[in-house]
Amino acid sequence: MRTHDRLRIAIQKSGRLSDPARDLLARAGLSFRESRDRLFCYGESLPIDLLLVRDDDIPGLIAEGACDLGVVGGNVLEEQACERLADGRGEAFRPIRELGFGRCRLSVAVPNDWEWTGPQRLAGLRIATSYPQLMARWLREQGVEATPVMLSGSVEIAPRLGKAEAICDIVSTGGTLMANQLKEVAVILESQALLVAPSQPFGDERAELAAMLLRRLDAVMSVRASKLVLFQAHRDQVAELVKLLPDAETPTVMAIEGQRDQVALQALCRSAMTWQRLEDMKRAGASGLLVLPVEQMLA
Ligand SMILES: Nc1ncnc2c1ncn2[C@@H]1O[C@H](COP(=O)(O)OP(=O)(O)OP(=O)(O)O)[C@@H](O)[C@H]1O
Ligand SMILES: O=P(O)(O)OC[C@H]1O[C@H](OP(=O)(O)OP(=O)(O)O)[C@H](O)[C@@H]1O
Ligand SMILES: [Mg+2]
């Protein structure tokens with residue numbers, strides 16, 4: 001019987017979400033003692049342990065209470081939520097944070113040489129997918145009847161094998177579709193990695209641990225996109241320059257010893273500092289521009 005004074009987080013053992021999930025947890029100050037089998041990692045810095053599993057198993061493990069939190073793609077989570085709904089099982093897990101990595105979409109794709117006239121074009125045809133629930137939901141919404149062909153991987157090959165006329169699968173760069181002479185015609189779901197929790201609150205020591213972890217993750221995620229911008233300018237140009245930093249907190253303006261009109265500025269920007277922005281700032285009078293990554297931040 002497991003005690004509830006430790007929190008268990010399930011992440012993908014190996015795959016696209018493994019490294020970014022581990023990196024995020026490490027940034028939140030979690031460190032683990034690797035066990036010999038590396039499927040269970042004991043938390044050293046905090047009473048938070050790691051479970052390394054197949055991503056498809058994560059929602060079910062949370063539903064059963066075998067683990068407390070999980071990192072999984074929205075595509076997998078939504079598919080399994082739909083499945084539970086279709087089977088008449090209650091809601092058992094819910095996403096609590098978008099984590100900003102593993103971005104992809106679930107899309108319908110058809111052979112390049114098809115003329116796409118809309119979803120009705122799929123009526124009566126076979127569509128290969130690993131996401132039968134999400135595909136069925138979309139087809140229902142479109143009022144289209146088609147036959148699902150279930151494949152657990154390499155779905156894009158199905159038309160060439162004569163197993164289906166169209167496909168419904170994960171797309172990111174579109175490279176796999178292109179390599180298989182397919183074109184994307186409809187996006188069914190936009191997805192990214194999510195932090196998932198049980199629908200019911202913990203009601204024991206785990207609640208406090210989870211709240212602390214969330215506070216840290218929020219700080220890590222807000223810092224990730226942030227940049228510290230340092231520069232100098234003439235006093236008269238400050239107002240114009242601040243307009244070029246609409247995503248920044250009010251910049252700190254500092255006097256420079258021995259210079260009456262020139263000031264030093266420091267601004268924390270919440271979104272990307274592009275070359276275009278830097279060039280615009282230079283034109284508006286900024287000099288000595290420096291853009292620095294932010295390591296940690298505690299408001
Ligand atoms: N091409 C992609 N670009 C970005 N994210 C993707 C891409 N393909 C998949 N993903 C996201 O990453 C998740 C994991 O993908 P991966 O291919 O590692 O899963 P898997 O093969 O099902 O792994 P497992 O062995 O754990 O079952 C997907 O569910 C999806 O959310
Ligand atoms: O649009 P793209 O950038 O080409 O990415 C899409 C491909 O990535 C995923 O497969 P993955 O490479 O993870 O292989 P798998 O499905 O066999 O795990 C997905 O199933 C697509 O096939
Ligand atoms: Mg999987």
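Predicted model: local features only at pLDDT ≥ 70, side-chain atom pairs only at ≥ 80, totals over all residues.
1. Which residues of helix 1 are buried? In this helix, residues 18–27, they are A21, L24 and L25. Their arc around the axis is only 95 degrees, so they sit on the same side of helix 1. An α-helix has 3.6 residues a turn, so residues three or four places apart point the same way.

2. Look next at what comes after the helix. G29 follows helix 1, and its phi is positive, near 90 degrees.

3. Now ligand 1. There are 15 residues around it, and G15, D55, G73, C104 and S172 come nearest. By class, this shell holds four nonpolar, seven polar and four charged residues.

4. Why does ligand 1 lie between domain 1 and domain 2? Because domain 1 (7–101 + 193–223) and domain 2 (104–191) both give residues to its shell.

5. Ligand 2 has its own shell. Around it are G153, S154, E156, D169, I170, V171, S172, T173, G174, G175 and T176. Two elements give two or more residues each: strand 10 (166–171) and helix 6 (175–179). Strand 10 has the largest share, with three residues.

6. Two residues are nonpolar, seven are polar and two are charged. Note S172: it is among the residues that come nearest to ligand 1, and S172 also belongs to the surroundings of ligand 2.

Note on methods: Residues numbered from 1 in each chain as written. Chains lettered and ligands numbered in written order. Near = placed C-beta within 6 Å. Nonpolar A, V, L, I, M, F, W, Y, C, P; charged D, E, K, R; others polar. Domains from an automatic or database assignment. Helix = DSSP H or I, 4+ residues; strand = E, 2+ residues; numbered from the N terminus. Buried ≥ 20, exposed ≤ 12 C-beta atoms within 10 Å, placed from the backbone. Arc of directions from axis to C-beta.
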